[in-house]
Amino acid sequence: MDIKDANKIVILVDAYSSGNGLAPEFNQQGYRCAHIQSRSNLPQELLDSYHADDFFINLPYVGSDTIKQLDNYDIIAVVAGSETGIELADRLAEVLELPGNKTQSSASRRNKYLMQESLRNSNLSHIPTYRLTNSAEAVQHAAELLRTYHNLVLKPADSAGTDSVFVCKTIEEVMAHATSLFKKSNQLNLKNEIIILQPFIEGEEYVVDTVSYQGHHKICAIWKMGKGSYNGFDSICEFTELTSLDEQQHARLKAYVFSCLDALGIDFGAAHSELFLTKDGWKLIETGARPHGAGFPALSSLALKRTQIDELVLSVCSSDSFLASVTEPYQPLNHLKIKELISYCAGKVKLLRHIDTIASLPSYKKSKMPSVGQEVKLTIDVFSSPGWIALSHRSADQLDADYQRIVDLERKGIFELYD
């Protein structure tokens, strides 16, 4: 590694999940990286994704004393690696007088109620959202919404992914799920003190990955989501597919997403926005002010010239080059589809079936499968999926045929579990 200046460093806050791909890229550009862990009670699954060798120092955040340990270095940027690091990255960038997102609006980038309020206050298309602190409020507002909508959505205000997302059809279901949510913590080890209630929005679901610098935004990837109901739970991800839109729809999406980023105060860094394309146009579900999780930026390298991680590192290390590139057209080079695996039962893996068949498919590129002896969970959300299979090919027909072959094999059973 050719270090340009040993004193010039980048601070990464909670470089977990896809955030663990940031430090190697900054190192490649000649900058050393310091890691700061935002709090002590982060989920073990996040902590296990940390790559210690990519950093010259790892510090737990304990206030100003943490920053004092880096006094002798020239810090060029502070970047949030994952959802848990968003608010601290904002505070550190402000204290260090570095490019970042204003702390006054940090909460709206984590709290899903405040997020929708920010859109409403900016006269942007949004989802009517109630902030709930107890089950009685949930029942009251559910009764109001059910006069207009057939299905409602309950979820924690500050979770990530599809963690504890419940689709409810009756007041009784709202009461039961709300009571359950208030009794537990979410997957980020944060107690569910506030949950939100929304109408269920009908439409096609998409994800848009962006990078921003000085308020200038760039689309890095557009993904189409496939979701279904499995094991008695809704909104289970079946696939995530890199896609592009026709010129007119792309222009509408770009204008809406960029307006949402402005409304949420995202001037700097990566963002991961989930949206619905409804009969009335685009509608934001939520935005995370950090890279797309679960390794998707790395997988997108199978079909994109530059990934979201590449663009984020470029914006920090060569901001002029990044700003000059924001007008580049978005166009994937290949087709790419990630099949999210679904387990219909829980237990210890005894045998993996059809692995050679899957690996021989023309579009097969890589996969993450459970190993023999590993415990798998019943799939009820994104966190309990046992793995994924990445398919990429120049032919959309070939990719679709291979995907359907995997679906058929999955229905027959890829995992055999011990009794």
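Is cysteine 220 buried or exposed? In this predicted model, cysteine 220 is buried, at 5% relative accessibility; buried stands for under 20% relative accessible area and exposed for over 50%, with partly exposed in between (1.4 Å probe, protein chains only). Cysteine 33 is buried too, its relative accessible area being 1%.

Residue numbers start from 1 along each chain as its sequence is written, and side-chain values use heavy atoms, without hydrogens and water. As the model is predicted, local features need pLDDT of at least 70 and side-chain atom pairs count only at pLDDT 80 or more, while totals for chains, interfaces and linings use all residues.

The structure has 0 disulfides, a disulfide being a pair of cysteine sulfur atoms within 2.5 Å. For cysteine 33, which is in no disulfide, the nearest cysteine sulfur is that of cysteine 317, 8.6 Å away.

A pocket is an open set of points on a 1 Å grid over the protein atoms alone, where a 1.4 Å probe fits, with protein on both sides within 12 Å along at least five of seven lines; lining residues have an atom within 4 Å of a point. Of its 26 lining residues, Phe200, Glu205, Lys227, Ser235 and Phe276 are the closest to the centre. Strand S10 (216-230) is among the elements that give two or more residues to this lining, and S10 gives the most, with 4 residues. Strands are DSSP runs (E, at least two residues), numbered from the N terminus.
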